[in-house]
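I opened this entry to record what I looked up in one protein model. The structure goes in first, and my notes come after it.

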Amino acid sequence: MRIQDSNPTQELALCEANGVAAREVVYASNEHMKKHAHDTLQVTVVLAGSLQEIVGTARVQAGPWDVGVKRPGTEHANDFDGQRVHLVTLEVQAADLNFQGRALQWGWAPRPSVSRQLFRLAKSARAGNVRQ
């Protein structure tokens, strides 16, 4: 279930195949998304700008090339700080997930190498070069 008071200002690309979607979006500066949850696993890379994500009492600041992970059902809010925020998100259907009894936690990693690979995937999606 998606509940949000702010939709992306611009969706640049969307590619879906076999229960996985790659979405490239831009949010305008100073937008706010109230507390909401997604029914998919979310892996997000910040390409430009910065955002704050709030889960419970924890607040994380994420900037360019940072990668965030949210398991399905994680309630969170987002503040898109004083400039446009450009994101790439992979969404995996919850029914396709099997963590073999291990809990996946919410969090952000500063600039891991995988962020550049996700960016290349988004560029391929935008160009229509993604295999199904």
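Entry 1, ground rules. I am working with a predicted model, where local features need pLDDT of at least 70, side-chain atom pairs count only at pLDDT 80 or more, and totals for chains, interfaces and linings use all residues. Residues are numbered from 1 along each chain as its sequence is written, and side-chain values use heavy atoms, with hydrogens and water left out.

I looked up the secondary structure and found 1 helix and 10 strands. Helices (H or I, at least four residues) and strands (E, at least two) are DSSP runs, numbered from the N terminus. Along the sequence the order is β-β-β-β-β-β-β-β-β-β-α. The protein chain has 132 residues, of which 43% count as buried; buried means under 20% relative accessible area (1.4 Å probe, protein chains only). I also checked contacts (heavy atoms within 4.5 Å). Of those with a separation of 6 or more, 75% join residues 24 or more positions apart.

A nonpolar core is a set of buried Ala, Val, Leu, Ile, Met, Phe, Trp, Tyr and Cys residues joined through side-chain atoms within 4.5 Å. The largest has 10 residues, among them Val25, Tyr27, Met33, Phe80 and Trp108. Strand 2 (20-27) and strand 9 (85-93) each supply at least two residues of this core. A second, separate core has 8 residues, including Val45, Leu47, Val88 and Leu90. I listed the contacts of Trp108, leaving out residues up to four places away in sequence; they include Thr44, Val46, Glu53, Asp66 and Gly68.

Rings of Phe, Tyr and Trp (its six-membered ring) pair if their centres lie within 6.5 Å, and planes under 30 degrees apart count as stacked. The count is 1 aromatic pair. Tyr27 and Phe80 are stacked, at 4.1 Å centre to centre and 10 degrees between the planes. Tyr27 lies in strand 2 and Phe80 in strand 8 (residues 76-80), so the pair ties together parts 53 residues apart in sequence.

Where does Asp81 lie? I placed Asp81 in the loop between strand 8 and strand 9. Asp81 is buried yet has no salt bridge, meaning a side-chain nitrogen of Lys or Arg within 4 Å of a carboxyl oxygen of Asp or Glu. The nearest side chain of opposite charge, Arg59, is 7.0 Å away. Not counting residues up to four places away in sequence, Asp81 touches Ser29, Asn30, Ser50, Leu51, Gln52 and Gln61.

How values were computed
Buried < 20%, exposed > 50% of the residue type's maximum accessible area, 1.4 Å probe, protein only. Phe/Tyr/Trp six-rings, centres within 6.5 Å; stacked < 30°, edge-to-face > 60°. Lys, Arg positive; Asp, Glu negative; His and termini not counted.
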